[in-house]
2 protein chains.
Amino acid sequence: MRKINAAVPTDRRAERTRTALREALKDLVTERGWDSIGIQDLCERANIGRSTFYLHYPNKDALLQGGLDDLQAELRRQAHSRLVKTSAHEKAALQFVYGLIAHAHEQRKLFRSLIGRRSGYVVQQRFREMVIRLIADELPVATEKISRDATVRWLAGALVELLSWWVEQKTPVSPEELTAIFKELSQSAR
Amino acid sequence: MRKINAAVPTDRRAERTRTALREALKDLVTERGWDSIGIQDLCERANIGRSTFYLHYPNKDALLQGGLDDLQAELRRQAHSRLVKTSAHEKAALQFVYGLIAHAHEQRKLFRSLIGRRSGYVVQQRFREMVIRLIADELPVATEKISRDATVRWLAGALVELLSWWVEQKTPVSPEELTAIFKELSQSAR
DNA sequence: CCAATTACAGACACATTGTTCAATTGTGTT
DNA sequence: AACACAATTGAACAATGTGTCTGTAATTGG
């Protein structure tokens with residue numbers, strides 16, 4: 001394995017190379033999914049020599065990993081800023097759900113490649129973990145005998161799958177409707 | 001692509017070859033996950049010539065799909081036989097759920113590698129698709145305004161995620177309890 | 001301007017995939 | 001038991017992709 005400078009590049013060329021690679025990754029994942037993408041393809045799309053790739057990342061996963069941190073940070077930021085905007089007297093639990101759904105609505109294409117059928121495992125996994133954390137934060141403390149963890153996972157799985165169904169619909173229902181559907185279906189969890 | 005005889009083999013040799021391959025797949029997935037397994041490895045483990053593999057399956061995915069198809073068929077069979085036994089006024093849907101959970105219980109290690117953290121994308125995807133099919137078959141026809149597809153996906157996501165939580169627990173609740181939990185949580189879908 | 005860093009194309013060894021083929025072995029059938 | 005046929009085998013093959021290494025050219029920061 002070769003030594004990789006994983007830190008923030010000080011050189012403009014390195015900077016350009018990396019952003020080009022990340023853009024290429026985003027595009028290609030959106031178009032063709034994760035598995036079918038080769039390093040060849042990434043480099044061609046990014047207009048980068050293939051050997052240059054290995055100067056920055058040891059493999060495909062590392063590239064994804066790098067980009068994903070940023071993405072997740074942004075998702076959380078956006079979701080959070082939406083959350084604060086919702087009025088304080090709407091004290092219903094799982095307020096973030098509408099925010100998340102609305103966000104998925106605006107960035108439909110991105111979400112399709114994120115959680116849709118063709119995305120990669122790492123991405124889906126991360127996204128699910130994020131939703132699990134969000135739900136774990138907001139779910140009222142369990143009163144019944146059903147394990148809270150179980151409920152959280154159950155709810156998160158349902159939400160993610162519902163979302164991934166939704167973003168692939170051609171003429172989807174509105175974000176408000178979807179939120180209503182989800183809350184209606186999930187009322188047993190309250 | 002070569003022509004594959006996908007039908008039930010009439011020849012014992014073909015029968016043996018296929019079961020050997022499926023056993024090898026099960027073992028190897030349990031040991032090493034999905035991604036790192038090559039067709040080489042499968043054939044060595046199954047004691048099969050590499051070219052023989054391609055006489056039966058076009059690729060790794062197809063082998064997995066075949067195994068999952070069997071599982072699906074068996075779960076359906078179980079569910080059906082249960083259904084006849086249950087009294088006519090207990091028209092409970094989703095009979096297969098207990099079968100699936102019990103199966104996951106018996107083959108805990110396999111399921112951990114199948115749907116747990118270490119598995120690959122393809123496996124999870126295929127598994128989820130199977131659950132979606134099973135649910136789609138058994139879910140009562142929708143009466144409300146909520147789209148049936150949405151309900152199916154919602155339910156499938158919840159079940160799969162609950163399962164994947166369960167198989168990673170150290171001291172898990174019993175299969176019966178888990179089934180009860182699932183039905184309790186999902187009652188809004190009925 | 002200069003030294004250091006980065007990019008590049010090309011070539012290399014290596015692994016994996018999927019196909020083909022002739023020879024051999026096992027099977028179902030009569 | 002003998003037959004025709006289907007399955008298996010190992011070897012060889014092209015094609016593709018990966019990761020590494022080289023010498024050279026181009027950009028960069030100082």
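Predicted model: local features only at pLDDT ≥ 70, side-chain atom pairs only at ≥ 80, totals over all residues.

Visitor: Then why is B:Asn47 called exposed?

Guide: B:Asn47 has 9 C-beta neighbours inside 10 Å. The cut-off for exposed is 12 or fewer, so B:Asn47 counts as exposed. You'll find B:Asn47 in the loop between helix 2 and helix 3 of chain B.

Visitor: What is the phi of B:Asn47 like, positive or negative?

Guide: B:Asn47 has a positive phi of about 60°, although it is not a glycine. Over in chain A, A:Asn47 also has a positive phi of about 60° without being a glycine.

Visitor: And how do you know whether A:Asn47 is buried or exposed?

Guide: Count again: A:Asn47 has 10 other C-beta atoms within 10 Å. Exposed takes 12 or fewer, so A:Asn47 is exposed. A:Asn47 lies in the loop between helix 2 and helix 3 of chain A.

Visitor: What about B:Gly49, is that buried or exposed?

Guide: B:Gly49 has 11 other C-beta atoms within 10 Å. With the limit at 12 or fewer, B:Gly49 is therefore exposed. B:Gly49 lies in the loop between helix 2 and helix 3 of chain B. B:Gly49 is 32 residues from B:Thr17 in sequence, and the two are 9.8 Å apart in space, C-alpha to C-alpha.

Visitor: Which residues are closest to DNA strand D?

Guide: Those are A:Ser51, B:Thr17, B:Gly49, B:Ser51 and B:Thr52, out of 23 residues that surround DNA strand D. By class, the surface near DNA strand D has eight nonpolar, nine polar and six charged residues. Helix 1, helix 2 and helix 3 of chain A each supply at least two residues there, as do helix 1 and helix 3 of chain B.

Visitor: Why is helix 1 of chain B called roughly perpendicular to helix 4 of chain B?

Guide: Their angle is about 95°, and their axes are 10 Å apart. Angles of 65 to 115 degrees count as roughly perpendicular, so that is how helix 1 of chain B stands to helix 4 of chain B. B:Leu21, B:Arg22 and B:Leu25 make the contact from helix 1 of chain B, and B:Leu63, B:Leu64 and B:Gly67 from helix 4 of chain B. Those residues divide into four nonpolar, one polar and one charged.

Visitor: What makes helix 1 of chain B roughly perpendicular to helix 6 of chain B?

Guide: These two pack at an angle of about 70°, with their axes 8 Å apart. The range runs from 65 to 115 degrees, so helix 1 and helix 6 of chain B are roughly perpendicular. On helix 1 of chain B the contact uses B:Lys26, B:Val29 and B:Thr30, and on helix 6 of chain B it uses B:Lys109, B:Leu110, B:Ser113 and B:Leu114. By class that is three nonpolar, two polar and two charged residues.

Visitor: Now the whole pair. How do you know how chain A and chain B are related?

Guide: Chain A can be laid on chain B by a turn of 179° and a shift of 0.2 Å along the axis, with an RMSD of 2.7 Å. The two copies are thus related as by a two-fold rotation axis. The same surface serves both copies: 96% of the contact residues of chain A recur in chain B.

Visitor: How many residues does each chain give to the contact?

Guide: Chain A gives 24 residues and chain B gives 23. Helix 8 of chain A gives the most to the side of chain A that touches chain B, with 12 residues. That side of chain A has 12 nonpolar, seven polar and five charged residues.

Notes
Residues numbered from 1 in each chain as written. Chains lettered and ligands numbered in written order. Contact = placed C-beta atoms within 7 Å. Helix = DSSP H or I, 4+ residues; strand = E, 2+ residues; numbered from the N terminus. Nonpolar A, V, L, I, M, F, W, Y, C, P; charged D, E, K, R; others polar. Axes fitted to C-alpha atoms, helices over the stretch in contact; angles between N-to-C directions. Parallel < 35°, antiparallel > 145°, perpendicular 65-115°, else oblique. Near = placed C-beta within 6 Å. Least-squares fit on C-alpha atoms with pLDDT ≥ 70 in both. Buried ≥ 20, exposed ≤ 12 C-beta atoms within 10 Å, placed from the backbone.
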